[in-house]
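Please read the points below with the model open beside them.

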Amino acid sequence: ALLVISKSSPILTPASLSDDSAKPTNRVIDGKYRVHAEHNYDDQRTLLDAKTPDGTWVTITWYDLSLAQEDMFERYRILLKGLKRKRLLAIYDVVSRPGAHYVVWERPDPTTSQAVASLDKLVGARYEALTDMLAAHHRSLDDGLLRRHKQTGELTLYGLGWQAGYPPETG
């Protein structure tokens, strides 16, 4: 089953592995990610159930982009890389090259990660860093899936979708 955070941020749950809407497959992406099932989310996005080389389940969001959309996706990739460098985002990888535009998301573990019930009560440097970086790219926490990381207990984004037009042109 898909867990739809917002229209722009769908992710897969472990239950999706037995979802009847999934198309079984056994392909490998970039020699690293073994895809077990595909979920056509919309015209531009396919969600893939996959395993990393170490056997960890991940969700890959694969984007089918026009040439005109590649620059917008590149800005999204830069945002994700910046969030990852600051350890604010739970991704394995984000790729943007001709013919391949995708994000490899860690999956939040429902048994060891904690949903954040209310954004209104969050404070602190980590929260401010997240909101500041997102705001600089015309995004907000409402666009993603915010949870407490399973190992560190820190606030972490486990999903932040991209759509054509996001982020908008700046300056």
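1. A residue is called buried at under 20% relative accessible area, exposed at over 50% and partly exposed in between, with a 1.4 Å probe and protein chains only. Both Trp 62 and Tyr 102 are buried. The model is predicted, so local features need pLDDT of at least 70 and side-chain atom pairs count only at pLDDT 80 or more, while totals for chains, interfaces and linings use all residues. Numbering runs from 1 along each chain as its sequence is written, and side-chain values use heavy atoms, leaving out hydrogens and water.

2. Rings of Phe, Tyr and Trp (its six-membered ring) pair if their centres lie within 6.5 Å; planes under 30 degrees apart are stacked, over 60 edge-to-face, and the rest tilted. This rule gives 5 aromatic pairs. Tyr 33 and Tyr 102 are edge-to-face, because their ring centres lie 6.5 Å apart with planes at 80°. Tyr 33 belongs to strand 5 (residues 33–40) and Tyr 102 to strand 9 (residues 100–106), 69 residues apart; helices (H or I, at least four residues) and strands (E, at least two) are DSSP runs numbered from the N terminus.

3. Trp 62 and Tyr 102 have centres 5.2 Å apart and planes at 10°, so this pair is stacked. Tyr 33, Trp 62 and Tyr 102 form one aromatic cluster.

4. A nonpolar core is a set of buried Ala, Val, Leu, Ile, Met, Phe, Trp, Tyr and Cys residues joined through side-chain atoms within 4.5 Å. The largest has 24 residues, and helix 1 gives the most to this core, with 6 residues. A second, separate core of 12 residues includes Ile 29, Ile 60, Val 95 and Ala 100.
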